[in-house]
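Please keep the model open while reading.

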Amino acid sequence: MKKIFSLILALSLIFSLGVPAFAADKLTTPNLDVSANSQLIETKYKEVGELMKSLGIMVGYTDGELHLARNITRAEFVTTVIRTLKYDFMLGASENKFVDVPNTHWAKDYIALANALGFVNGVGDNKFNPYANVTIVEAEAILLRILGYGDQAQKIGWPNGYTLYSSQLGLSEN
């Protein structure tokens with residue numbers, strides 16, 4: 001129960017950023033549009049980002065910054081989930097089944113573990129699409145699977161079942 005509470009807290013912090021963001025190790029510093037909005041996000045959520053960094057949930061880019069104004073990718077989100085649940089000790093024990101996640105990809109072990117645990121299924125054709133931005137319904141689906149509602153949501157179908165269960169459980173508030 002403690003792990004689930006931690007996961008919900010961490011995901012709430014991430015979603016509260018307005019524009020979900022993450023920082024992953026071994027990524028190059030992105031070319032950010034230095035707009036007023038991105039500067040506001042960087043400033044307003046710096047404390048939350050630093051908390052996530054201190055907990056080991058976020059790491060930072062090669063420049064050490066979190067770049068909170070960026071959208072979070074599918075690979076970054078899965079990494080956040082695995083780190084939040086403290087399942088890092090199982091990294092490397094699962095086979096990577098996705099053809100678009102090479103052995104050199106920084107999140108390969110996180111994605112393989114999330115798949116082995118049943119948190120993610122990919123996007124079809126043995127692909128994961130690690131660089132695509134995670135959608136709200138994809139994030140909700142992962143959380144619902146962790147909480148044990150994945151099968152019920154899947155019976156209704158994608159994406160409606162996940163949206164419905166997320167709404168009923170209050171996961172999509174705010």
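## Two helices side by side

Helix 4 and helix 6 are roughly parallel to each other, because their angle falls in the class under 35 degrees. Their axes come within 11 Å and cross at roughly 25°. Helix 4 covers residues 74-84 and helix 6 covers residues 136-147. The crossing is right-handed, that is, the near helix is turned clockwise from the far one by less than a right angle. Axes are lines fitted to C-alpha atoms over the stretch in contact, and angles run from 0 to 180 degrees between N-to-C directions.

Helix 4 brings Arg 74, Phe 77, Val 78 and Val 81 to this contact (heavy atoms within 4.5 Å). Helix 6 brings Glu 138, Ala 139, Ile 142 and Ile 146. By class, the contact of helix 4 with helix 6 has 6 nonpolar, no polar and 2 charged residues. Here Ala, Val, Leu, Ile, Met, Phe, Trp, Tyr, Cys and Pro count as nonpolar, Asp, Glu, Lys and Arg as charged, and the others, Gly among them, as polar.

## The crossing with helix 5

Helix 4 also packs with helix 5 (residues 108-116), at an angle of about 70° and with the axes 9 Å apart. The two are therefore roughly perpendicular (65 to 115 degrees). This crossing is left-handed, with the near helix turned anticlockwise.

From helix 4, the contact uses Ala 75, Val 78, Thr 79, Ile 82 and Arg 83. From helix 5, it uses Tyr 110, Ile 111, Leu 113 and Ala 114. These residues divide into 7 nonpolar, 1 polar and 1 charged.

## Cover on helix 4

## The whole chain

Buried residues make up 44% of its 174 residues. Among contacts between residues at least 6 apart in sequence, 69% join residues at least 24 apart.

## Basis of the values

This is a predicted model: local features need pLDDT of at least 70, side-chain atom pairs count only at pLDDT 80 or more, and totals for chains, interfaces and linings use all residues. Residues are numbered from 1 along each chain as its sequence is written, and side-chain values use heavy atoms, with hydrogens and water left out.

Technical notes: Buried < 20%, exposed > 50% of the residue type's maximum accessible area, 1.4 Å probe, protein only. Helix = DSSP H or I, 4+ residues; strand = E, 2+ residues; numbered from the N terminus. Parallel < 35°, antiparallel > 145°, perpendicular 65-115°, else oblique.
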